[in-house]
Amino acid sequence: MKCKKIIAACVLATLGIALMTASKSSLLYLWQLKHTTPLNQWYATLCLVLVVPEVASVLRTLWGSTLLVSGTLLHWPSIHVTLLGIFTAILESAAMTFFTLQVASALPAYSVLPLMHVLLLLQILIDQWKPSKKRSQSLVDPSKQGDGSVERRILNSVASAFGLVVFVVLAALLVVLEVADAAEAVSLVASFLALSVVWCQPVRQHMLCADTSSLATRQNVTLLLGVVKVGSLIGFSILTSTMGDDSEDLSQAPQFLWSGLKEMGGNPYLMWGLVLHSATNIASCMLTRLGAYYTATRSSMVTPTVLSTLIASALFIAQCTELGDVGLSLPHCSVSNSHVAVLVVALFLWAIPFITLRRTYFEPSDVIFRPEVENFYTTSYHSVCFDQNLYLNYNPYSVMFGECLHVGATQSRVFICTTMYREADYEMEQLLKSLSKVSKSQKLKKANVYMESHIFLDNGADGFTLKEFSLQLMGLVEICFSVARAESVIHKTPCGIQITCVLPGGMPLYLHLKDPSLVKAKKRWSQVMYFKYILDHRIKVTSRQRPTVHTADSIRLHVNGKECTGELEEKNGEMLVQIRTLLKGLKNERSDKTTLNTPDRDSCKDVSEQSSDQGIDVEDGISTISDSSSHKDQTKAQDDQPSDNKGSRTNDNNRSSPNATMKQSSSYGSLLSAHLLQHSKLNPAYVPDDDEEKPPKWLPAFRSRPSALSLTASEVNADGPSEPVVFSITDGLAEDDTDYTSLQLDEPEEPPSYDKNTYILATDADMLFDDTAVLDVVNVCNGDLRLGAACGRTHPMGKKINPIVWYQIFEYAKDFWMIKSAQNVIGSVMCCPGCFSLYRAEAIDQVVKHYSEPTTRAGDVFTKDTGEDRWMCTLMMMRGWKLRYSTNAVNSTYCPDNVEEFIKQRRRWILSDFANSFLVFRNLPRLMRSNGCFSFIYSLYLMQLFIIVIFSPGTTVVMLTVGVELLTGAPYHITTPVMSMVFVVYGLLCCVLSPSMQIRITKISIVVLGLSMSAVVIAAGVYVLIDMFKSIDDGGLSLVEHYLLIALTGSLLYAALIHPKECYILIYGIIYLFYFPAMYMLLPLYALCNIVDQSWGTRDNQKAKVPKLVCFPRIRRKKKKKGNKTPSPGSCENLAEDPDAVSEQIKALSEEEERFWRRMAARVIGKDINLGLNKEDLANGLRKLRNKVVVVVMIFNLLWVVALSFFYLWSFGSGESGSQISAYGIFSGVLYAFSFFIQIVGMTVYRLQDGAHRLGKLIYGTEKPHYVRCVDER
């Protein structure tokens, strides 16, 4: 780690020195060119030097500003503060303009840079006598200024005041030595004093309201002052250009400066100097921000600012003397005795701030990964006084918009929730393998992440009968996890069947098999089930039993008032066990009595509870285990233990038991004979052979609290016995006489038990992911508490090799590369797909009530039922949450591998995209007011995307017909009406033909249009290359008519370049071109014409592969015999017969969970509850909606084709070759350029930010607390 830091410091310092030296040297060079270049060009160049940073600051602020929304207009300071800001902006512009354009060029170049350090003296003087409450956030932190004594402060004050006096004396000396005239000397003093006052922290804080927690106020003021500065700099540059002997009159000054701006392109010295200075200034600014982000200010700020000033000045001294030639042709450059005197005084003034500040010069923050809004007051930088403005803008001590957090200091809870429908065995197996990796992950345990998995299977049970896909799933669970029948517990719930077990590695797994006769089907209702189940039950259970200390390497055993530490050892690398304190607060008549005979131990004899190795009980059948010789021995041990230990035990149990005031009950458990232990195996999946002597069946049932256990523990080896000790216990349950019908469903709910680090990881049933992906999205959400959800990078894959799979690979990559990456930066990701997304429990709790509303209008079905993940994200954004994408959370999913299934899937996706895009478009003003991510630029971007989606069919028609004309010469005015007619006829056929015939016609159309598009693109590429070569031969290169095609191709190459691990995907771009017309012209119309079809589209005809032997206990529903009816071979009744199934393995739920499920079934998910529209009304409403939407979309697109055609044909009148394609290119550029530019810039910025953050974590680790963003940017 130390070596990495040293290397990083060397790299930052080297880059900083090189960039700042180049920036300062180019500035000095530009000053010296005043005497050899035309004045109008020189003034225009220096004006740009001053204006460029302010324009960049305005654009950056405007990027995230919502100034035009009424809700944000309230975030303005008072009138007098606003007027003060405008006055200071004008004063700063005047001072900087006069210094840059008049004074600096008259002084010796090598003395100007050291002289600028005078700007720091006033701030240092103020810091010494500022009240301690305000000084605590100043640049010079009193707690870090040596001993902070009064003597030290007096000495610093004297040094600063003396420096100011020396500076005034130097100005007079310049006049005496005839280095500058009196006007220039007065301008120097006035400019530096004005800048010192304007840039000092009290004025800056008051002007920007930087001491408040409203970032919107700071943004609005920065935007206003930036605009004022740009105007003021231009105005004062015009005014300054009139000063001098050869200058123009004031009335001619604007024309004088404008002519210089137009002519400066012909002066290579000015142009290259300007480009070099601007580029290195921007790069230096980025480097200093990166250094502050890493808290590496010593190497990125201190070293470069000090050495670059000395090096740049030394280079000019060497050039102006005979010491050496550095390659610069510098006129008016000499070193006289008077110049040497000025240089000596300037170096003395330059050294005073370092003497007074010492180690507090760019003091690094104690918190790593602080954003720019925390480290700096404004986002601006200065092109002339770069070092001084950077220092006075730096603020390392305050934390206004976030909090500090040590990595791993708090536990994160992640509940993996998966919905299943009719997935194939290989799809289910992929998910289970992912869960196995997560359960065994030491990386997640080290990061203090508690994991729990829940799978909800639609149509999984019919009463006590397990259906075919349930049997398939259970068989795969046994194969993938090696979980035996004795390690699972079955519960009959008001919603179906629940099967629980602990996976190898310690993660609890819950299988929820929905009974369609009891609860509603469909994915959304499964999501509502697991949202409510996690929020209202599992989080509360895990919160009550959450351990205060959790380690993965040791466990505490409380025995007879003593503590001993036993090493946790893995059994075949599978499961860790934590043994905790015995639960108290259970009534005697509801306690289980268990006795377990184990080998004798001197150090640890009483074992309290066993849980999953993550330190949280899984409850209901796999929650507790007790090890004691007898109830009598335990009671005696408790009576003999010291009172302090008793109190300790009571406190521990109060944390884990909701009824802490009850008295301790007797121990509970089941009596297992030594015969059982004799046949126990180390492998938890062990099942005795038929000819092997089996352990006895479960002991007779006894009265119990509705809780049971089935858990296999790893070795607990405190003293290192020679023989391993293996526990395998399953409690039986007698008939429970609890009357659940009398449970109160309307009792007041408890307050939320979740914290900010509690999440639900929603996955599809065919996902492949690992612990790295899970930990990545967890870290992303933990690092920004504004995030309601985060998604990962999904890679599609097919069971078969097919071009349609290649198309989807390229499409996914393009969308993730450009769209989601850009949305990350410019606002918020619009959709975190349900295939792999981490949702914050707090965000879900705010929207789940709305999310579980029934469908009351026909159009709602596309947002609520077929686009549920997109709707969930829209609801979150309306609540102010931000969504994010993480490119490193890599996961994979199966995609359709044949065209028919692909068409059906996209029918559902396209309708959902249309509906949710319209929903966002309709609620855009509300989103802009309530969500800080919806800036003005981002809102424009979304509106343009919505327009592009609506008009994509018409745009595709014109693209094809224009290409056909270029390729074959077919007249555009003939091919376009024909293609438009084909578009209309196809839509009409989709409205009247059967689904199978629609699929056939669509397939044929895809082939024809795909071949046409491929030929058009290839021909257009050849045409562009030929035309470019001709233009080069003619002596010029005009790319106007070709820029669209070149930009599209170049953008994809650029996107692949900054995603080097995925650049091979570009190969599939050829297939993407083939399917382009289908995706943007055929399938949107096909989807709209099939609005009435509400089938899922995929897996509807899937068949399960039921295993021959399922080692889970099976449940057979008893039926009366009705003749000799023979069940079908695939019947789950036959498959459910198992001679080893015993009724004792069926456990009742706890009262709390039973009450929860009954309340859910009665209020939300019951089959006859909360239904909404019936099928008939829904179908009628969808038919009416289809007729309206299809007609409207066709009319809009036909009008769009007419508009494009008019513009295209009108361009023929110019009579120039290629003018029509040029006009079309310009028109298309106006339409698409804005969103295209936003995506390119956003993608680039995101890759840089993400790479910088991950590199920082790799280099600097977790030594310092990490910054966590927790306040809305508004």
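Trainee: Which residue stands opposite Ala789 in β18?

Mentor: Tyr839 is the one opposite Ala789. Before we go on, this is a predicted model, with residues numbered from 1 along each chain as its sequence is written, and local features need pLDDT of at least 70, while side-chain atom pairs count only at pLDDT 80 or more. Totals for chains, interfaces and linings use all residues, and side-chain values use heavy atoms, with hydrogens and water left out.

Trainee: What makes β17 and β18 a pair of strands?

Mentor: Strands here are DSSP E runs of at least two residues, and helices are H or I runs of at least four, numbered from the N terminus. Two strands pair if DSSP finds at least two bridges between them. β17 (residues 787-797) and β18 (residues 836-840) have three bridges and run antiparallel, so they pass the pairing test. β18 also runs antiparallel to β16, with five bridges; there, Leu838 is the partner of Leu761.

Trainee: And why are β19 and β20 called edge strands?

Mentor: Picture the open sheet of 10 strands first: the order is β19-β17-β18-β16-β2-β3-β8-β7-β6-β20, with mixed pairing. β19 (882-894) and β20 (1146-1147) each have a single partner strand, so one side of each has no neighbour in the sheet.

Trainee: Which strands does α20 touch when it packs on that sheet?

Mentor: α20 touches β2 (412-420), β3 (449-457), β7 (496-502), β8 (508-514) and β16 (758-764), where contact means heavy atoms within 4.5 Å. Another helix, α24 (residues 771-782), lies across β2, β3, β16, β17, β18 and β19 and runs at about 175° to β19.

Trainee: How do you know that β18 is largely enclosed?

Mentor: Buried means under 20% relative accessible area, exposed over 50%, and partly exposed in between (1.4 Å probe, protein chains only). Five of the five residues of β18 are buried, so the rest of the structure largely encloses β18. Phe836, Leu838 and Arg840 point one way and Ser837 and Tyr839 the other, and all are buried.

Trainee: What about β7, and how many of its residues are buried?

Mentor: Seven of the seven, so β7 is largely enclosed too. β7 pairs antiparallel with β6 (residues 488-493) over six bridges, and a hairpin of two residues joins them, with Gly496 as the bridge partner of Thr493. Seven bridges join β7 to β8, again antiparallel. That hairpin has five residues between the strands, among them Gly505 with a positive phi near 110°.

Trainee: Then why is Arg879 called exposed?

Mentor: The relative accessible area of Arg879 is 52%, so it lands in the exposed class. Arg879 lies in the loop between α28 (868-878) and β19, and, its neighbours within four places aside, is in contact with Gln846 and Val847.

Trainee: Back to helices. Why are α20 and α38 called roughly antiparallel?

Mentor: Angles run from 0 to 180 degrees between N-to-C directions, with axes fitted to C-alpha atoms, for helices over the stretch in contact. Under 35 degrees counts as roughly parallel, over 145 as roughly antiparallel, 65 to 115 as roughly perpendicular, and the rest as oblique. α20 (residues 523-544) and α38 (residues 1151-1165) pack at about 155°, axes 11 Å apart, and are therefore roughly antiparallel.

Trainee: Which hand does the crossing of α20 and α38 have?

Mentor: Right-handed. A crossing is left-handed if the near helix is turned anticlockwise from the far one by less than a right angle, and right-handed if clockwise.

Trainee: And what about α5 and α7, why are they roughly antiparallel?

Mentor: The axes of α5 (residues 121-129) and α7 (residues 150-176) come within 9 Å and cross at roughly 155°, so that pair is roughly antiparallel. The crossing of α5 and α7 is left-handed.
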